[in-house]
Amino acid sequence: MTVDTDNHLIWLISECFRNTLRHLIRIEPVLDHVTFLSREQKERIMTKARNDGNPEAVNIFIDIIVSGPRPPGWSREFMDALSSAGCTYAAQIVDTEKLPTPSLQAENDYCIQLITILSPSLLKMKTTEVCDVCYQSELITEDDRENILAATANHGSKAGARILLDRIVMKPPGWFSTFLDVLRQTDHPHLVEELTGAKNGLDTEASTEKGSSSGESGGEQEEWKEEGKDKQQEEEEQREKAQKEEEEKKEEAQRRGQAPILENSVDTSDVDLYTAEGDPLEGHFTETEHPGSAVCGEEGAAATAVAVVDPLTLRPEQLTVAQPALEGHNIIVSMPTGSGKTRIAVYVAKQHLDQRRQQGVPAKVMVIVNKVVLVEQHFRKEFGKFLRHEYRLEQTSGFTPNKQAFANTVAEHDVIICTAQILLNALLDPEDGISLSDITLLVIDECHHTKKGDVYQQIMDLYLSDKLDNIKKRKAGQDEKPLPQILGLTASVGVGKTSKQNKAQEHILRICASLDASALMTAPLGENSRNEQLLMAKRRTQDPFGDVLRSLMTRIQEHAQLSPTVAMGTQRYEQWVVEEEKRAACKDDQRRRVCAEHLRQYNEAVIQSNSIRMCDAYRLLLSFYRQEDRKKQDIMLQTDTDKFLFKLFNDNVRKLEELSKKPECENNVLSMLRTTILKMFSEQDEVRGIIFTETRLSAKALHSWVQENGKFDDVNVRSSYLIGAGDQSAVKPMTASEQRDVLRKFNSGEINLLIATTVAEEGLDIERCNVVIRYCLVTSEIAMIQARGRGRAEGSSYIVIGVEGSGVAEREWLNKQREDLMKRAIGAIQQMSKETYNRQVMSHQMEGRLEKKVRRKRSEARGRRRVEPSALKFRCRGCKVVVCGGEDIEVIEDAHHVNLSAGFRAKFKENTKSSRSGMNAHCEAEKYISCQGCGQFWGPVMNHRQLPCPCLNIRGFVVLHGDTEGTFESWNNLNVDFPDFDFYSHASQFVFEDEEDT
């Protein structure tokens with residue numbers, strides 16, 4: 001290799017060919033031949049490969065080389081390592097003397113795409129025979145051959161074939177012809193025919209051989225070859241000319257503000273032969289020759305089989321909305337669900353990255369979301385699809401396998417997609433954090449959440465503080481701190497809780513101020529021809545099941561001397577009874593506290609009876625009392641209140657069971673839902689529907705109702721449910737993985753009816769939905785707009801079902817009024833002069849900064865009054881036992897509060913998961929601890945570095961501080977700094993005790 005300096009090679013691998021090398025270098029064998037890296041550096045690279053794949057590991061490899069230090073002779077060793085590891089094409093690319101011509105590279109790309117397209121057929125090859133001949137033809141290395149044969153022996157022929165295809169496409173141009181020869185030698189004429197388009201696999205070379213056998217003279221053959229050379233040279237010149245014309249077209253498109261259009265290419269974003277991950281791409285393709293190119297021979301045959309796909313372009317109305325962002329301004333994009341807001345963000349991000357690359361300045365795009373499941377969705381479906389082949393992307397959330405420091409992730413990638421909390425934590429981290437100056441474009445999804453107290457608002461508070469400081473620095477002639485461009489996305493900014501236009505405008509302007517938006521961009525999109533219905537069922541004239549429940553609740557209220565001021569069977573009643581339970585726990589009034597817990601269950605049963613089946617309400621109560629009975633049996637203790645409550649239920653359980661089986665007493669609204677579903681699925685050929693309901697319990701109950709009703713099978717209804725991942729409910733939450741699996745099945749059609757809580761209203765990419773039903777659900781205008789927008793298909797139906805007098809119809813009308821109010825307010829804001837708009841935005845920003853200063857002063861005052869851990873006592877919420885002091889509690893990783901003291905250990909009972917099935921649905925640990933005296937749940941047992949640690953759930957305790965008592969929902973609400981966990985001390989004690997026992 002001849003280069004002027006090592007710096008030239010650095011430039012080639014880091015700037016020119018990085019993305020290509022990511023797919024051509026096989027990192028593991030290359031590292032085997034590299035000696036200029038330390039063992040720690042190699043281990044870091046291999047860890048990245050195991051966690052995030054080969055391309056990301058190559059990124060790290062290149063970054064380490066670029067950052068140095070590099071010993072003398074490293075460049076020659078680097079080139080030799082590539083060649084020795086079988087990465088010969090990668091070696092050619094960085095050796096500029098051997099670099100293939102652009103036309104040859106383009107032709108090679110077509111061959112790779114063709115292998116990708118036809119891989120379903122190619123995987124049926126006789127892998128062992130093909131592998132041996134490929135090795136003899138030097139298409140694969142000896143290591144490759146061993147790996148292919150091992151995969152074939154252990155996992156079957158297709159597994160080996162997949163690795164073989166992965167290896168051959170990494171070879172320099174010319175491999176395609178050799179591979180065709182291999183297929184002929186191994187008796188695969190049908191594959192040759194598919195790859196070349198020539199019948200029976202006949203080609204130029206085969207025709208030549210046939211002519212020779214018919215008696216052509218040697219002179220004639222030589223003459224034919226010379227003519228072929230002239231023709232090939234002529235075609236080469238034509239290809240180069242066509243390529244030059246194509247590049248000029250792309251440059252012209254860029255000058256017009258459009259993305260370059262690749263007219264004939266295959267979108268292989270979901271399949272990557274270089275990493276051998278995923279299934280091969282399947283689809284329908286056309287035989288379309290590359291414009292202006294006259295490729296010939298077998299490589300040319302490959303180039304003709306390509307697909308026409310849509311490039312990254314925007315519709316005219318989208319481009320109009322995006323224009324201020326393309327010019328570098330901060331904006332909010334407010335467009336309906338399904339109108340392409342995310343595509344606008346991807347387009348803006350790509351233009352931002354491209355322009356800064358051309359200018360030679362660094363670029364960093366950060367995309368933040370408010371749900372974990374959205375991280376992978378944006379990474380896979382939008383940003384990854386269009387950007388990953390040109391830029392380095394990474395996704396980060398609490399559920400991603402990459403656990404390296406976030407600052408390293410930011411430094412090593414061009415585009416980072418993460419939850420907002422992860423970014424905020426990094427911005428506040430004084431040691432390993434990052435700065436807003438490290439980001440050049442910040443995309444905020446569902447930006448209407450940027451309001452007081454929200455994570456988005458906390459991030460933007462930091463931004464606005466820096467912005468206002470920059471104004472002072474500008475006046476003083478000082479250097480300003482670089483700040484990122486802001487792009488906010490939302491389907492609805494809402495109006496707050498007002499019914500007046502001036503207040504609505506103020507609400508929207510506050511959001512604009514929080515995001516420092518110079519404009520609020522909307523598009524006059526045509527509405528889908530949506531069928532909207534409001535269906536209200538009449539109330540039941542007879543409700544014997546509900547009457548029994550309400551009579552039992554009345555008797556419990558009398559026993560506990562509770563006097564509610566709200567109606568039973570409502571969310572307001574639940575809020576009231578939750579507050580009563582907290583007050584009773586603080587006063588150690590166990591009679592009221594336990595009665596309040598039971599009343600909450602009865603209230604939920606009344607709600608279920610009014611909206612779902614009576615049998616679901618009955619099962620809910622039966623399950624609760626069985627769990628309570630097991631808990632009391634474990635501790636062999638029942639108070640007088642326990643005896644009263646159990647006797648009351650047991651005396652009426654038979655009556656409740658009988659009444660729950662009377663179909664004539666079922667509620668009318670469920671019958672209306674059944675009729676609606678059956679009508680939709682019987683009248684339309686293909687239905688994809690979503691039912692939104694209020695609680696997790698109702699979502700699961702409705703799913704069971706569909707599963708148990710044979711009439712739904714007759715119209716081919718296939719249902720599942722989708723609920724949130726938080727742990728604030730008695731129902732076990734869904735993990736992000738479970739949510740993704742359900743959405744995948746729904747989008748593929750395996751499920752055609754999704755029953756969901758409001759978690760599915762916002763952000764999630766739910767495709768091809770043509771029926772949206774809001775069932776007994778009362779929410780805001782933003783939620784209504786989000787839910788309605790899920791019906792993206794033309795002619796979709798949006799149906800609201802409720803009970804007369806329940807407030808559902810009234811709230812739906814109010815939401816529509818607020819939607820109209822929001823449109824008028826946005827229109828008024830867009831009509832403001834620039835001076836008026838900027839003045840009002842700045843005013844709100846100054847007010848926000850003053851509010852922040854007031855909050856900080858209050859926080860500092862609270863900090864000065866921080867309580868010492870030793871001043872606190874923790875009492876069991878279920879009884880009077882004081883279980884520990886604050887000095888016994890330690891914190892693991894700033895999150896888990898544990899107590900390993902001997903005194904505490906003597907006061908709890910350890911339970912296995914099977915013995916407490918259903919007791920605490922949100923907890924996934926195998927073991928739990930509970931009070932020995934009353935059975936109150938105290939928390940899970942976690943294993944920290946193999947050491948079992950009882951982890952305390954603060955909701956299981958009452959906190960005592962002097963004469964004051966209180967209950968808390970979170971440890972963050974306690975103004976106390978507990979010490980970090982002393983692992984060495986506890987582990988030593990644990991080992992010592994174990995040795996004594998033995």
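In this predicted model, strand β24, which covers residues 957-961, pairs with β25 in the antiparallel sense, and three bridges link the two strands. One of the residues to look for here is leucine 960, whose bridge partner in β25 is glutamate 965. As a general point, the strands of a sheet pair through backbone hydrogen bonds, and the pairing can be either parallel or antiparallel.

The pair of β24 and β25 belongs to an open sheet of four strands. Reading across this sheet, the order is β17-β16-β24-β25, and the pairing is antiparallel. What stands at the edges of the sheet? These places are taken by β17 (882-885) and β25 (964-966). Each of them has a single partner strand, so one side of each is left without a neighbour in the sheet. Neighbouring strands are also turned against each other, by 25 degrees on average when direction is ignored.

Attention now moves to a pair of helices. Helix α10 (residues 127-136) packs against helix α12 (residues 157-168) at an angle of about 25 degrees, and their axes are 9 Å apart. Angles under 35 degrees count as roughly parallel, and α10 and α12 are therefore roughly parallel to each other. The crossing in which α10 passes α12 is left-handed. On the α10 side, the contact is made by Thr127, Val130, Cys131 and Cys134, while α12 contributes Ser157, Gly160, Ala161 and Leu164.

Finally, the whole chain can be considered. The protein chain has 38 helices and 25 strands. How much of the chain is buried? Of its 998 residues, 51% are buried. Among the contacts in the protein chain with a separation of 6 or more, 71% are between residues 24 or more positions apart.

Definitions and conventions:
Residues are numbered from 1 along each chain as its sequence is written. This is a predicted model: local features need pLDDT of at least 70, side-chain atom pairs count only at pLDDT 80 or more; totals for chains, interfaces and linings use all residues. Side-chain values use heavy atoms; hydrogens and water are left out. Two strands pair if DSSP finds at least two bridges between them. Axes are lines fitted to C-alpha atoms, for helices over the stretch in contact, and angles run from 0 to 180 degrees between N-to-C directions. Angles under 35 degrees count as roughly parallel, over 145 as roughly antiparallel, 65 to 115 as roughly perpendicular and the rest as oblique. A crossing is left-handed if the near helix is turned anticlockwise from the far one by less than a right angle, and right-handed if clockwise. Contact means heavy atoms within 4.5 Å. Buried means under 20% relative accessible area, exposed over 50%, partly exposed in between (1.4 Å probe, protein chains only).
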